[in-house]
Amino acid sequence: MQSQIFEGQDVEFEQPVDVILWASRTYLLAVSRKKSIPAVLSTTFDEARLSYLYKALIRVLERLVVSTTVTLTVHEAKCPCKTFYEQALITALRGLQKGKPNEYRVAMAAILPPTAVRLAYNDMSIIASALSDIERFWPTATPAESTLSEARSAMPYSRSVH
């Protein structure tokens with residue numbers, strides 16, 4: 001099944017963290033299907049002058065694939081659900097953004113062994129810092145849009161959406 005994420009078309013990001021989720025899903029889907037990594041990934045980050053962020057993210061994802069302690073369930077790019085490993089990554093990034101490395105360690109320990117958590121720290125710090133920079137300049141939604149977005153995220157979705 002060829003999904004839209006491999007074509008690189010019509011992917012819209014509501015929040016900067018959605019870019020990270022899209023890239024991780026695209027990468028992990030390609031790896032799990034034993035296909036080459038779509039060029040749209042590196043192109044997207046290169047065009048935004050964020051190749052350092054992309055390289056750090058790939059190193060984290062490679063580490064995740066090799067040493068994860070949980071089953072990696074990867075959803076299609078447009079699926080509104082966040083899997084367990086995605087929630088852990090986001091929580092870890094938010095912890096680093098707030099200057100709380102213990103939050104990072106606890107979140108990452110849920111998906112990686114302790115050594116891998118330590119090894120991923122520098123790359124996750126790079127991603128968290130870049131994400132903070134992006135969020136500062138990201139256009140904010142109008143109140144009506146944010147209410148709609150919040151309502152959409154609270155809607156239950158069936159498993160068939162994945």
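What follows is a chat about a predicted model of a protein.

Reader: What are the ground rules here, numbering and pLDDT included?
Author: This is a predicted model, where local features need pLDDT of at least 70, side-chain atom pairs count only at pLDDT 80 or more, and totals for chains, interfaces and linings use all residues. Residues are numbered from 1 along each chain as its sequence is written, and side-chain values use heavy atoms, with hydrogens and water left out.

Reader: How many helices and strands are there?
Author: The protein has eight helices and zero strands. Both are DSSP runs numbered from the N terminus, with helices (H or I) of at least four residues and strands (E) of at least two. From the N terminus on, the order is α-α-α-α-α-α-α-α.

Reader: How much is buried?
Author: Of the 162 residues, 35% are buried. Buried is under 20% relative accessible area, exposed is over 50%, and partly exposed is in between, using a 1.4 Å probe and protein chains only.

Reader: And the accessible surface, what does that come to?
Author: About 9,400 Å², of which 55% belongs to carbon and sulfur atoms. Areas come from the Shrake-Rupley method with a 1.4 Å probe, and for residues only the protein chains shown count as cover.

Reader: Which residues touch the most others in the largest nonpolar core?
Author: That core has 40 residues, and Phe-45, Tyr-104, Met-108, Ile-111, Met-124 and Ile-127 touch the most other members. At least two core residues come from each of helix H2 (16–32), helix H3 (39–47), H4, H5, helix H6 (101–109) and H7. A nonpolar core here is a set of buried Ala, Val, Leu, Ile, Met, Phe, Trp, Tyr and Cys residues joined through side-chain atoms within 4.5 Å. In soluble globular proteins, nonpolar side chains tend to be buried together.

Reader: What is Ile-111 in contact with, beyond its neighbours within four places in sequence?
Author: Leu-64, Ser-67, Thr-68, Thr-69, Val-70, Phe-84, Tyr-85, Ala-88 and Leu-89. Contact means heavy atoms within 4.5 Å.

Reader: What share of contacts join residues at least 24 apart?
Author: Among contacts between residues at least 6 apart in sequence, 67% do.

Reader: Changing topic. How many aromatic pairs?
Author: Two. The rule takes rings of Phe, Tyr and Trp (its six-membered ring) with centres within 6.5 Å; planes under 30 degrees apart are stacked, over 60 edge-to-face, and the rest tilted. In one of the pairs, the ring centres of Tyr-104 and Tyr-121 are 5.2 Å apart with planes at 75°, so this pair is edge-to-face. Tyr-104 is in helix H6 and Tyr-121 in helix H7, 17 residues apart, and the pair links distant parts of the chain.

Reader: Are those two tyrosines buried or exposed?
Author: Tyr-104 is buried, at 0% relative accessible area, whereas Tyr-121 is partly exposed at 31%.

Reader: How many salt bridges in the whole structure?
Author: Seven. Each needs a side-chain nitrogen of Lys or Arg within 4 Å of a carboxyl oxygen of Asp or Glu. Side chains of opposite charge can pair when their charged atoms come close.

Reader: Where do Glu-135 and Arg-94 lie?
Author: Their side chains form a salt bridge at 2.6 Å, N to O. Glu-135 is in helix H7 (residues 114–137) and Arg-94 in helix H5 (residues 84–97), so the bridge ties together parts 41 residues apart in sequence. Glu-135 is partly exposed at 29% relative accessibility, and Arg-94 is partly exposed at 28%.

Reader: What about Asp-133?
Author: Asp-133 forms a salt bridge with Arg-136 at 3.4 Å, N to O. The two are three residues apart in helix H7, about one helical turn. Asp-133 is partly exposed at 33%, while Arg-136 is exposed at 59%.

Reader: Which residues are linked in a network of salt bridges?
Author: Lys-98, Lys-100 and Glu-103. Within this group, the closest N and O atoms of Glu-103 and Lys-98 are 3.2 Å apart. Lys-98 is exposed at 52%, and Glu-103 is partly exposed at 28%.

Reader: Last one. Which residues make the nonpolar surface patch?
Author: Val-31, Ile-37, Val-65 and Val-66, covering about 300 Å². Patch residues have over 30% relative accessible area and no salt bridge; like charges are joined within 9 Å, and nonpolar side chains (Val, Leu, Ile, Met, Phe, Trp, Tyr) within 5 Å. Val-66 is in helix H4 (residues 51–67) and is exposed, at 72% relative accessible area.
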